[in-house]
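Visitor: I am new to reading structures. Please show me how to go about it.

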Amino acid sequence: MGSNIECTRPGPPRYTLIPNIMFFEFLPIVNDRIPDLDEINPKELLLSEQLELNKTYEVIITNSSGFYRLRLGDVVRVVGFYQQAPQIEFLFRSGQNLNVNAVKISEEVLFRALREAADRWSSTLKDYTAAGSQFTPSHQGLLDPHYLLFLELDGPVLTEEQTGLQDEEYASFRKLEKIAKIRVYQVKPGAFSRFRAHLLATTAVTAGQFKMPRVLKSRDRVDWFLENVRN
């Protein structure tokens, strides 16, 4: 879809869209809500030259293999332009879920709650990922089901009160006592860059294909972040 031509640049990877690979259209995301298919008006779709800096969009593609207006589910933010080509940063994937104790929370809900919380912080959110407690090293996660949220911040360590998530959908599950309070871990500076290097070295993914996983689904990856928690 795009090329990470600045792969040595610190921070989250940004991808420059390559227009001759496929035809791109973009659905503007308003208030972090992903519309259903029947809610989309094709006239609202934008082309690359219509994108605005720091705005959020869902990517839709058409290619020579026969895919027409395919929704990849990738939600991105425009972070710059290389000549006239947009450079995007991957935020999350719509339709992907965290699942703990039969309670499913979408990446969209997690991102929305995190963004609302981050607006109140003195520190800047640099990157994040999450996991279900069934992937924690001990069996405590099964007895006390909850979500784990790993944050990298640029600034001072935040208090427990500051990192509380207030999304209504998440709060509704808490009221039903189906899941415990989310556990927030602030990781060491540079942890996400090191995790990216770790995945590139230990998996088949290439630097140009890499997207930071927003949902961790293995114990070894959760262990990796727990070992990099900031003191």
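Guide: Start with the polar contact: a pair of N or O atoms within 3.5 Å; within protein, one must be able to donate a hydrogen and the other to accept it, and residues adjacent in sequence count only if both atoms are side-chain atoms. Here the side chains of Gln87 and Thr16 make one, at 3.1 Å. This is a predicted model: local features need pLDDT of at least 70, side-chain atom pairs count only at pLDDT 80 or more, and totals for chains, interfaces and linings use all residues. Residues are numbered from 1 along each chain as its sequence is written, and side-chain values use heavy atoms, with hydrogens and water left out.

Visitor: Is Gln87 buried or exposed?

Guide: Buried means under 20% relative accessible area, exposed over 50%, partly exposed in between (1.4 Å probe, protein chains only). Gln87 has 5%, so it is buried. It lies in strand 6 (residues 85-93). Strands (E, at least two residues) and helices (H or I, at least four) are DSSP runs, numbered from the N terminus.

Visitor: What is Ile61 in contact with, beyond its neighbours within four places in sequence?

Guide: Contact means heavy atoms within 4.5 Å. The partners of Ile61 include Met22, Phe24, Tyr68 and Leu72. Ile61 sits in strand 4 (residues 56-62). Ile61 and Glu25 are 36 residues apart in sequence, yet their C-alpha atoms are 6.1 Å apart.

Visitor: How many residues of helix 1 are buried?

Guide: Ten of its twelve. Among them are Val109, Leu110 and Phe111.
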